[in-house]
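This report looks at a ligand site and at the pockets of a protein. Please keep the model open while reading.

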Amino acid sequence: MTSVLQAQALGRKYGKRWALRECTLDIPAGHVVGLVGPNGAGKTTLLKLASGQLEPTAGGITVLGGRPGNTPAQLAKVGFVAQDTPVYAGLTVAEHLRLGARLNLRWDAAMARERIERLGLDPSQRAGRLSGGQRAQLALTLGLAKRPDLLILDEPVSSLDPLARREFLQGLMEATVEHRFSVVLSSHLVSDLERVCDFLIVLVDSRVQVAGDVEELLDTHHRLTGARRDP
Ligand code: ATP
């Protein structure tokens, strides 16, 4: 089976400092992968390497069997929802959909329209006037409408309130069941990821500390700490 993400001694430096080092991973496609770690751990760096926005300083990475961002076909396979500015404040919801349709080879216009309608978003509203939760949902809709084989989301819920967090993660979960694509999403908080993800990568201080099946990792964690798991 093709790996969604395969990294071999992958590293990236900014100037003299390593932001990510000695990262070796092999994750089968079809997983919803959570990437958790504190501020500055290297999460965005790994996600940018996976989406071809950064080149490695050391080692190598393949995503869905190809080099990230290497060809138009490879680019079309991977959607990326950025952390800070996933949408354009000055464009309306409808303009975002039209732009998406012009820029993306596999754009699913009907799905994007239906999702916007279901969310109750006004197509004529400028993105800058939407709430944080609505902006995040618009960004997710744009990512889904690309019909990627892999959708990468960089801390999509970190700035949202608890209700908007839950709604976003629920929407993402439903979409993965319906459309069957791989997902990698990052967060500072394991609680954001444990219900959505089935594979977890823990990144601390630019290194992968542990990576594996979520259930197994959480069981080990709870056994070692004596903490009870939520039912
Ligand atoms: P956060 O949760 O705060 O977004 P992160 O886990 O995503 O953090 P990265 O953004 O990948 O971490 O950053 C890893 C390290 O690399 C940090 O020490 C950061 O300051 C540094 N870094 C990131 N981008 C650059 C850059 N363009 N130039 C120099 N250093 C950078």
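How do the residues of the lining of the second largest pocket divide into nonpolar, polar and charged? In this predicted model, that lining divides into 10 nonpolar, 7 polar and 7 charged residues.

## The second largest pocket

The second largest pocket holds about 460 Å³ of space, and of the 24 residues that line it, Arg115, Leu119, Gln137, Glu167 and Gly171 are the closest to its centre. At least two lining residues are supplied by each of α4 (109-119), α5 and α6 (162-179), with the largest share, 10 residues, coming from α6.

## The largest pocket

For the largest pocket the volume is about 630 Å³, and its 26 lining residues include Phe80, Pro86, Tyr88, Asn104 and Lys146, which are the closest to the centre.

## The ligand site

Around the ligand there are 14 residues, of which Gly40, Lys43, Thr44, Thr45 and Glu155 come nearest; the shell divides into 4 nonpolar, 7 polar and 3 charged residues. Oxygen atoms of the ligand lie 2.9 Å from a side-chain N or O atom of Asn39, 3.0 Å from a backbone N or O atom of Ala41, and 3.1 Å from a side-chain N or O atom of His188.

Taken alone, the ligand exposes 640 Å², and the protein buries 61% of that. Two or more shell residues are given by each of β2 (17-28) and α1 (43-50), and the largest share, 3 residues, comes from α1.

Terms used:
Residues are numbered from 1 along each chain as its sequence is written. This is a predicted model: local features need pLDDT of at least 70, side-chain atom pairs count only at pLDDT 80 or more; totals for chains, interfaces and linings use all residues. Side-chain values use heavy atoms; hydrogens and water are left out. A residue is near a molecule or strand if one of its heavy atoms lies within 4 Å of it. A polar contact is a pair of N or O atoms within 3.5 Å; within protein, one must be able to donate a hydrogen and the other to accept it, and residues adjacent in sequence count only if both atoms are side-chain atoms. Accessible areas come from the Shrake-Rupley method with a 1.4 Å probe; for residues, only the protein chains shown count as cover. Helices (H or I, at least four residues) and strands (E, at least two) are DSSP runs, numbered from the N terminus. Ala, Val, Leu, Ile, Met, Phe, Trp, Tyr, Cys and Pro count as nonpolar, Asp, Glu, Lys and Arg as charged, and the others, Gly among them, as polar. On a 1 Å grid over the protein atoms alone, a cavity is a set of points where a 1.4 Å probe fits but cannot get out, and a pocket is an open set with protein on both sides within 12 Å along at least five of seven lines; lining residues have an atom within 4 Å of a point. Grid points are joined across faces, edges and corners, and a volume is the space filled by probe spheres set on the points.
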